[in-house]
Amino acid sequence: MSDKTARIKVAIQKSGRLTEQSLDLLQRCGLKYTKGPDQLIAFGENMPVDVLLVRDDDIPGLVRDDVCDLGIAGLNIVEEKRLHFLEQEPAEPFRIIRALDYGQCRLAFAYPDGSPLRTVADLAGRRIATSYPSIVRDYLRRQNLSATVVEFSGAVEIAPSLGRADAICDLVSTGATLVANKLREGETILESRAVILQTPVEVPPEKADWINRLLQRVEGVMQVRESKYIMMHAPKAALAKIAALLPGSEAPTVLPLDGRDDLVAVHVVCRENVFWETLESLKAAGATSLLVLPVEKMLA
Ligand code: ATP
Ligand code: ZN
């Protein structure tokens, strides 16, 4: 098999809210690439992995059609396209293999200030503007509600003031856009974040090894972002109590301290963020010389 066919293609958003963090994730996985300012593809220099830079809406289709082996997009887009593709063909178009820790937002209904509409139950027979028609129709169907879905490709929040809809269903993160457009947030129908998609076809053996390595590194990057290495001195008598206070940790390493029979050194990796409150509880339990260090890399 030639080198060209064995290269893995990963589709990410070309320019938008997910771009910087998706490129950062790939870099943290060890990928070095060359990329021109307007280039559609960035070639991996040290791994057989190339990055396709496209509109986020195109990512699920590229993965479904096996043009790309992997893709990173928001669950909102992924779910919308998944439902749309399923209407055309009943087979699952791709596999969602990993949720990532960025791109958090929610798809929620919103009602104009002063409107009598308060909840989804009030939407029967009304018009709902959205860029997510498949998700909204699916939701309405499951709620046994009949309403008209008006598709907007952008600026959904102005639809009610234009008289085009009675309510909207759109992405929200802080809610500031809704407030600015005199809308009141209602029910969330999808909690979203960036996810990794994989093609539905079986991975050819010449690619499988690098795909697995890449996914294992993603796993490591995710764990490292939350993990901390904690070191402290602890009275032997308080060890059990201290171990119980450590968040998301495995068995700690306990080391003797020269010339001290009553004290030991405790080293532990915590797979959760360590807050001041935890350190204060550890101190109250007898720990001293507490040190919290970031973890650079991790391979389980
Ligand atoms: P493209 O040009 O690639 O089509 P876009 O305008 O559709 O870009 P962005 O606004 O860059 O997309 O958003 C990309 C993704 O970021 C969204 O699909 C969503 O998953 C996520 N996201 C996170 N927070 C928000 C938010 N407050 N509003 C919209 N999207 C958000
Ligand atoms: Zn888009």
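Which atom of ligand 1 is 2.8 Å from an N or O atom in the side chain of Asp 57? I found an oxygen atom of ligand 1 there. My cut-off for such a polar contact is a pair of N or O atoms within 3.5 Å.

Before going on, I noted that this is a predicted model, where local features need pLDDT of at least 70, side-chain atom pairs count only at pLDDT 80 or more, and totals for chains, interfaces and linings use all residues. Residues are numbered from 1 along each chain as its sequence is written, chains are lettered from A and ligands numbered from 1 in the order in which they are written, and side-chain values use heavy atoms, without hydrogens and water.

Next I looked at two more side chains. Gln 13 has a side-chain N or O atom 2.8 Å from an oxygen atom of ligand 1. For Ser 173, I found a side-chain N or O atom 2.6 Å from a nitrogen atom of ligand 1. The protein covers 76% of the 630 Å² of accessible area that ligand 1 has on its own (Shrake-Rupley method, 1.4 Å probe).

Then I listed the surroundings. Ligand 1 has 15 residues around it, and Arg 55 and Asn 76 are among the closest (a residue is near if one of its heavy atoms lies within 4 Å).

Last, I checked the domains, whose bounds come from an automatic or database assignment. Domain 1 (4–102 + 194–224) and domain 2 (105–191) both give residues to the shell, so ligand 1 lies between them. The chain also has domain 3 (227–294), and the C-alpha centres of domain 1 and domain 3 are 39 Å apart.

Key
A polar contact is a pair of N or O atoms within 3.5 Å; within protein, one must be able to donate a hydrogen and the other to accept it, and residues adjacent in sequence count only if both atoms are side-chain atoms.
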